[in-house]
Amino acid sequence: TDDTVLPAEVKVTLYRIAQEAFNNIVKHSKATRVEVRLFWRAGKINLTIIDDGVGFNPSQSHVGMGMSSMRERAESIGSKLKIISKPDRGTKILVNWMPQAAEQVARTGSNP
């Protein structure tokens, strides 16, 4: 795989994760500001979405279909979705993708 070309599946998956994050922000967060960062660093793609909304306690909150969908999408490309949130402190969603992780998923069917 050429390191300068992002596979179409990864592009679409990152887009869909961001789309679902925006849906959740609009429906639940009451945010006034959202920041999206997407960059390539040290051979991996980093997607970060941060809002200044009401936040939640991830260990106590009901995980809805949106969060589950984002997590499953991330895993489908060999990534993990990390959610950092606290009540009244907003939410940060992180996805890191590395080509090597994706190759392992393709070979073994399991996430590293």
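This is a predicted model: local features need pLDDT of at least 70, side-chain atom pairs count only at pLDDT 80 or more; totals for chains, interfaces and linings use all residues.
Reader: Which residues of helix 2 are buried?

Author: Start with the general idea. An α-helix has 3.6 residues a turn, so residues three or four places apart point the same way. Now the case here. Gly66, Met67, Met70 and Ala74 are buried. They cover an arc of only 100 degrees around the axis, which puts them on the same side of helix 2.

Reader: Which residues are exposed on the other side of helix 2?

Author: Met65 and Glu72. The cut-off for exposed is over 50% relative accessible area. Glu72 has 55%, so Glu72 counts as exposed.

Reader: What do the buried residues of helix 2 pack against?

Author: Three elements: helix 1 (8-29), strand 3 (80-85) and strand 4 (91-97). Helix 2 lies across strand 3 and strand 4, and runs at about 140 degrees to strand 3.

Reader: Which residues does Thr13 touch, leaving out those up to four places away in sequence?

Author: Thr13 sits in helix 1. Its contacts are Arg73, Ala74, Ser76 and Ile77. Ala74 is one of the buried residues of helix 2.

Reader: Is Thr13 buried or exposed?

Author: Buried means under 20% relative accessible area. Thr13 has 8%, so Thr13 is buried.

Reader: What follows just after helix 2?

Author: Check the backbone angle phi. Gly78 takes a positive phi of about 80 degrees.

Reader: What is the order of the strands in the sheet?

Author: Read the order from the pairings. The open sheet has four strands in the order 1-2-4-3, and the pairing is antiparallel. Strand 1 (34-41) and strand 3 stand at the edges with a single partner strand each, so one side of each has no neighbour in the sheet. From one strand to the next, the twist averages 10 degrees.

Reader: How many bridges join strand 3 to strand 4?

Author: Six, and the two strands run antiparallel. For a landmark, find Ile83, which stands opposite Ile93 in strand 4.

Reader: Which strands does helix 1 lie across?

Author: Helix 1 lies across strand 1, strand 2 (44-51), strand 3 and strand 4. Its direction is about 10 degrees from that of strand 2.

How values were computed. Residues are numbered from 1 along each chain as its sequence is written. Side-chain values use heavy atoms; hydrogens and water are left out. Buried means under 20% relative accessible area, exposed over 50%, partly exposed in between (1.4 Å probe, protein chains only). The arc is that of the directions from the helix axis to the C-beta atoms. Contact means heavy atoms within 4.5 Å. Two strands pair if DSSP finds at least two bridges between them. Axes are lines fitted to C-alpha atoms, for helices over the stretch in contact, and angles run from 0 to 180 degrees between N-to-C directions.
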